[in-house]
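User: I would like to go through some of the labels attached to this structure and ask what each of them rests on. Please set each value against its definition.

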Amino acid sequence: MMNEKLLYTGLGLLGVMGPVIFPEYTLQIAMLWMMVLMASTWDITGGQMGYNSLGNITFFGVGMYVSASIQVSMFYDLAQYTASYGAIKPVFTETQYFGGLILGILAAGFSCVILSLIIGLAVFGLRGPYFAIGTLGVAVAAREIVTTMETVGGGAGISMPFLPLPIEQRSLFFYCLCFALAVAAHFTIRWMFSTQFGLAANAIRDDEDKAEAMGIPTLRYKQVGWAVAAFYMGCIGAVFGNISGYIEPQNIAFPLPTFGIFMVAMALLGGKGTLWGPVIGAILFHIVKETTWTYLLDWQYIVLGIVLIVNIVFFQQGIVGWLKTKYPEKFGILVDRSGNVSRGDA
Amino acid sequence: MFELLFVTAPIMNVQVLLEGVFIGSVFALSAYGLALIWGVMNVKNLAQGDFVIMGGYAAFSVSNAGVHPIFAIPVVIAFMFCFGWITYKLIIKRVIDNDMFVSLLATFGLSLFLQQVMNLIFGPEVQTLDSHFGILLLGDFVTVPKIKIISLLIAAFFATVVVLFMKKSRMGQAIRATAQDARAARVLGINTDRVYAFTFALNASICGVAGVLVSMIWSIQPFYGIIFSLRTFAIVTAAGLGNLPGVIGMSFVLGWFEQYAGVLAGAEWQIAASVFVLIFVLLWRQLQARRHRQVVR
Amino acid sequence: MSENLIEIKNVSKSFGGVKANVDISMSVKRGAITGIIGPNGCGKSTLFNSIVGYHPIDNGSITFEGNEISHLMVDEIARLGMLRTFQQTRIYGEMNCVDNMQISVSHRPDSKDSMFASRKGEIRERAEHLLEFVGLYSKRNLISGDLSFGQQKLLEFAMALMNEPKVLLLDEPTAGINPTLINGLIDRLRRANEELGITLCVIEHNMRVIMNLASHIYCLSNGKMLANGEPEKLQNDPRVIDAYLGGH
């Protein structure tokens with residue numbers, strides 16, 4: 001893509017200078033990177049492979065809870081801690097906190113990888129809409145199971161350990177984590193889709209029966225793709241739990257109607273099945289949402305639902321997809337003499 | 001709990017089984033609606049459950065005006081029919097030829113939209129409509145609110161009406177012809193667009209009736225819809241399209257399973273139980289397909 | 001190493017009440033070109049699908065290099081080295097020709113390309129070389145879905161060669177192809193067999209093509225094996241002539 005350097009420069013500047021220029025919006029920009037990560041990782045299976053999951057939010061919540069459990073249980077008895085409903089005020093030194101956090105994030109990522117491999121065995125024999133419904137079912141099931149687990153606080157949730165730093169430094173620290181994770185996810189995806197993996201993913205999207213007939217081990221490709229998404233979703237879930245300071249299953253850990261559907265909407269808005277589509281979609285979506293949110297009052301989610309429907313019904317190709325058909329040359333797509341459109345080395 | 005159910009008070013089983021039938025009959029209505037649009041126009045409607053809840057709230061509004069909820073049914077049918085028709089014209093019509101995920105996602109967007117609108121109008125409280133019918137005592141222990149029996153009869157009545165309609169009426173025949181081969185139907189002069197609109201509106205009406213019944217025998221809340229949707233998917237996926245006895249049977253099975261899960265494991269497991277059934281059905285379908293060297297599509 | 005690559009013994013398959021294949025036995029010799037002919041609806045495609053794993057068989061056995069494969073899934077069979085092309089040509093329509101070729105590399109356990117192998121270098125060279133072999137080099141950067149039907153058919157053939165299969169099953173390779181191009185295709189099939197050492201098994205409708213190409217031909221009729229033998233022998237077999245010309 002021609003303007004890639006420009007995009008990297010712009011986003012890099014925003015990433016590094018954002019919290020310096022707008023210190024009061026540090027966490028909002030952190031959320032922006034989280035949205036970018038969510039949309040990009042959804043697109044690995046959703047856009048590129050044609051396996052549209054409605055349940056990637058599962059890993060977000062599971063990661064959050066795994067990390068929280070580890071962070072707390074390193075120094076307290078988890079069941080007692082949650083049963084006290086906040087009566088136990090956790091006190092951590094910086095070393096204790098950071099040690100627990102790093103361990104928690106890593107454990108969140110890897111446990112989500114394992115979980116995604118297991119769930120993948122159960123859902124990747126489903127095609128098309130069955131897959132979407134199956135994964136949605138998995139997400140709801142995960143939410144309900146966590147709600148009934150008393151050890152992790154059930155529906156009442158867990159209050160998270162508090163980072164012993166002043167508020168500005170806290171925000172900045174979590175900002176760095178979000179930014180770093182989003183950057184890592186982006187470059188992982190970028191690398192994955194520059195190898196044979198990317199071709200296999202697109203082959204599965206175009207015609208999975210043919211891919212199987214050609215001997216592509218489709219299940220393995222799907223599982224690997226989903227595991228990468230699960231890893232980053234787990235990590236960002238762990239971080240988000242710490243930012244939030246308090247976690248519970250219904251609205252924070254497994255927020256199906258918000259983040260769960262936002263990530264799909266953002267990828268579609270930007271253009272699914274492209275590297276930059278989800279990134280651009282997420283940025284646009286987040287900016288519009290943050291700037292109009294407070295004026296909409298109770299109508300926020302209604303407007304959101306309408307936007308989602310309009311997006312799906314009238315603008316399925318998304319921004320990048322639309323640009324591609326409009327200006328194919330800028331994307332390295334050559335227009336053939338006979339009028340055929342061809343794709344060069346992207 | 002096991003002891004209570006099977007040793008001390010086996011009579012409780014009768015109670016649970018009856019509850020399963022009552023609630024299962026409502027599932028059966030909405031699942032039949034889903035099977036209808038799935039089979040005829042190949043639309044998998046994730047807003048199905050929200051249509052049900054919407055029917056419930058429509059009855060709630062009417063009964064607030066002083067009318068008994070049962071007499072609200074005709075109003076709800078008319079209202080939901082119009083709503084379904086408009087939804088088809090505005091949304092479904094434009095996604096029907098696209099790949100399946102688009103229609104699924106469009107209806108998911110619709111579902112979110114409806115949830116929020118209902119939340120805005122009626123608030124997030126859980127509502128139950130009182131039908132003032134009193135309680136029937138069977139034997140010494142089994143108590144059945146009369147409204148549940150009436151609701152079962154109403155559900156059976158409407159199911160029969162719809163089945164007869166599909167068999168006998170001109171429109172019903174046109175719908176079945178379109179389901180078999182839309183292109184051939186078009187060639188023969190059937191206005192398939194109208195058929196689709198009618199089918200979708202009919203589905204909304206069926207859901208509306210189910211919603212009225214739910215609001216009387218159970219409870220409604222703006223966000224309960226998604227679980228209803230997943231239930232109907234589990235039922236239809238397990239029974240298969242065009243298998244009416246299967247749909248009814250599976251609805252009762254799901255009703256019983258949920259009731260037993262609620263009694264044995266605790267009420268907080270009831271929602272989880274229905275989702276587990278969905279996942280189990282999908283797994284079972286995959287194993288079946290694998291035996292035939294196929295996948296579920 | 002046995003002489004027969006694929007061995008089919010007493011295979012039957014019925015759909016509901018329709019008996020598509022009854023007690024079929026045949027074998028595909030290593031290194032040879034085997035043909036399957038028969039009138040429409042005689043069960044050729046059913047047999048084909050049974051071999052490559054699209055549905056379970058009712059009874060009988062199908063072995064590939066001595067191993068039973070009648071219970072394996074499609075992709076597992078393909079990874080053993082048995083590949084098929086489709087009658088209704090199937091390619092990855094939104095990718096360009098080179099990408100179509102590159103992802104068609106062998107996925108067998110012994111292949112050296114891993115999931116995250118680079119797309120440059122040897123893979124790409126081989127892809128372009130094979131595109132040249134089927135005469136699509138000048139179209140290599142076009143989106144494959146925009147090619148004509150005949151070109152797509154050639155591309156699918158090239159993709160199959162890219163996979164370096166042990167045996168390639170072709171479902172009516174000349175159907176829908178411009179008659180002037182058929183000779184070129186036959187020539188390429190034969191070269192693939194001779195130069196690349198790929199065993200071929202061809203379903204064909206066009207008698208001229210199959211008589212020219214195959215060294216051993218099986219003739220199916222009404223789901224049963226009618227006759228088999230050398231092309232010359234079959235050409236003069238009254239039963240075969242009867243099946244094609246008259247009767248039903």
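Analyst: Two strands pair if DSSP finds at least two bridges between them, and helices (H or I, at least four residues) and strands (E, at least two) are DSSP runs numbered from the N terminus. This is a predicted model, in which local features need pLDDT of at least 70 and side-chain atom pairs count only at pLDDT 80 or more, while totals for chains, interfaces and linings use all residues. Residues are numbered from 1 along each chain as its sequence is written, and chains are lettered from A and ligands numbered from 1 in the order in which they are written.

User: What makes strand E1 and strand E4 of chain C a pair?

Analyst: Strand E1 (residues 4-15) and strand E4 (residues 59-64) of chain C are joined by five bridges in the antiparallel sense, and the definition asks for at least two, so they count as paired. Within this pair, C:Ser12 stands opposite C:Asn59 in E4(C).

User: Why are strand E2 and strand E5 of chain C called edge strands?

Analyst: The open sheet has four strands in the order E2-E1-E4-E5 (chain C), with antiparallel pairing. Strand E2 (18-29) and strand E5 (67-68) of chain C each pair on one side only.

User: Why is helix H4 of chain B called roughly antiparallel to helix H5 of chain B?

Analyst: The axes of helix H4 (residues 69-95) and helix H5 (residues 100-122) of chain B cross at roughly 150° and come within 8 Å; axes are lines fitted to C-alpha atoms, for helices over the stretch in contact, and angles run from 0 to 180 degrees between N-to-C directions. Angles over 145 degrees count as roughly antiparallel, and therefore H4(B) is roughly antiparallel to H5(B).

User: Which residues of H4(B) and H5(B) meet?

Analyst: B:Thr87, B:Ile91 and B:Val95 in H4(B) meet B:Val102, B:Ser103, B:Ala106 and B:Leu110 in H5(B), where contact requires C-beta atoms, placed from the backbone, to lie within 7 Å.

User: How do you know whether B:Arg293 is buried or exposed?

Analyst: B:Arg293 has 21 other C-beta atoms within 10 Å, and a residue is buried if 20 or more lie within that distance, exposed if 12 or fewer, and partly exposed in between, so B:Arg293 is buried. This arginine lies in the segment after helix H12 (270-291) of chain B, and its phi is near 55°, a positive value in a residue other than glycine.

User: What makes C:Glu172 buried?

Analyst: C:Glu172 likewise has 21 other C-beta atoms within 10 Å, and is therefore buried. The residue is placed in the loop between strand E7 (167-171) and helix H6 (179-195) of chain C, with a positive phi of about 45° although it is not a glycine.

Conventions
Parallel < 35°, antiparallel > 145°, perpendicular 65-115°, else oblique. Contact = placed C-beta atoms within 7 Å.
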